Amino acid sequence: MHTLKSTLALRLLTSIIIMVPGKYNTWLAVQMGTKAVLCCPCIPPSVLILTSWKIHLRDKPLCTISLNRETNETGKNNCTDGRISWASRPDQNPELQIHPVSMSHEGDYRCEMGTTDGNFERTYHLQVLVPPEVTLSLGKNRTVECRAIAGRPAAQIFWAPEGDCVTGKEYQDNGTVTTRSRCHYPDGNVSTVTCLVSHLTGNRSQSIDLFAGHLTFCKAMGLDILLASIFCLILCLLNLSSFFLLDIGLFFIFFPHIQYFY
């Protein structure tokens, strides 16, 4: 039964490939700020007649970059972004280059090749990735907040060890997402917690000491106590001096007949 299902699935897949000859679809994720190189179908140059890239970006008209092999002429239509160009000489290599990649380059890129044997094409669905900025801060009452700022797509946040956590997302107008997670650790035995951020551009982690705030408070209190002690000591010395001078004054008042020789 399993063999029959596999055979039927293989026949169905084969029929789909036959129904759409020479067409390939590729989902491509590229990090912002890097270089992307898109390839056309592998066709011998001897049979090529026309090569064209049709680029459809969001909220923009269709852009076409083409090369006529017979006249060796290149053409552009509605293509104003200088970061999108041929990777090298198009008569030798029809690859398309995007450098550097920005969020505005997200869209569909289709290479169409006309040959003496028919037409071939390859379509790329380009997704632009933006790595988030990760921050970790300590709040009050053993509460920690981790943020993955302006990522694309949204990052995921995990904690080690797990605590009493609340996680939410903030969507920005430019298409990026900020993920915010706040955790409370009532257990006094937990001293260090780690925020783990998972993203398509790579995973990141940051750790924080839950006792850092207490140590800072203790240091501040220790400094206050030291200053207060010094201040009290000065007051005591001033009081002693005052009493000493007062005693001398009273002595002269009650015993004026006593003379002192210096």
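Two strands are taken to pair if DSSP finds at least two bridges between them. Helices (H or I, at least four residues) and strands (E, at least two) are DSSP runs, numbered from the N terminus. The model is predicted: local features need pLDDT of at least 70, side-chain atom pairs count only at pLDDT 80 or more, and totals for chains, interfaces and linings use all residues. Residues are numbered from 1 along each chain as its sequence is written, and side-chain values use heavy atoms, with hydrogens and water left out.

Six strands make up an open sheet of mixed pairing, in the order S1-S9-S8-S3-S4-S5. Its edges are strand S1 (23-31) and strand S5 (73-77), each of which pairs on one side only. On average, neighbouring strands of this sheet are turned by 15 degrees against each other, direction ignored. Axes here are lines fitted to C-alpha atoms, for helices over the stretch in contact, and angles run from 0 to 180 degrees between N-to-C directions. Strands S8 (residues 107-115) and S9 (residues 118-129) run antiparallel and are joined by nine bridges. Thr-115 stands opposite Gly-118 in S9.

The structure holds four disulfides (pairs of cysteine sulfur atoms within 2.5 Å). With the bonded cysteines numbered in sequence order, the pairing is 1-4, 2-3, 5-8, 6-7.

One of the disulfides is formed by Cys-63 and Cys-79, with sulfur atoms 1.7 Å apart. This link is right-handed, with 105 degrees about the S-S bond. Cys-63 lies in strand S4 (residues 63-68) and Cys-79 in the loop between S5 and strand S6 (84-86), 16 residues apart. Both Cys-63 and Cys-79 are buried (under 20% relative accessible area; exposed is over 50%, partly exposed in between; 1.4 Å probe, protein chains only).

Cys-146 is joined to Cys-195, S to S 1.9 Å. The torsion about their S-S bond is about -60 degrees, so this disulfide is left-handed. The pair links strand S11 (residues 143-151) to strand S15 (residues 192-198), 49 residues apart. Cys-146 and Cys-195 are buried.

A disulfide also joins Cys-165 to Cys-183, S to S 1.8 Å. Its torsion of about 110 degrees makes it right-handed. Cys-165 lies in strand S13 (residues 164-171) and Cys-183 in strand S14 (residues 177-184), so the pair ties together parts 18 residues apart in sequence. Cys-165 is partly exposed at 31% relative accessible area, whereas Cys-183 is buried at 1%.

Cys-39 is in no disulfide; the nearest cysteine sulfur, that of Cys-40, is 7.8 Å away. Cys-39 is partly exposed, at 28%. Cys-42 is also in no disulfide, with the sulfur of Cys-39 nearest at 9.6 Å. Cys-42 counts as exposed, at 80% relative accessibility.
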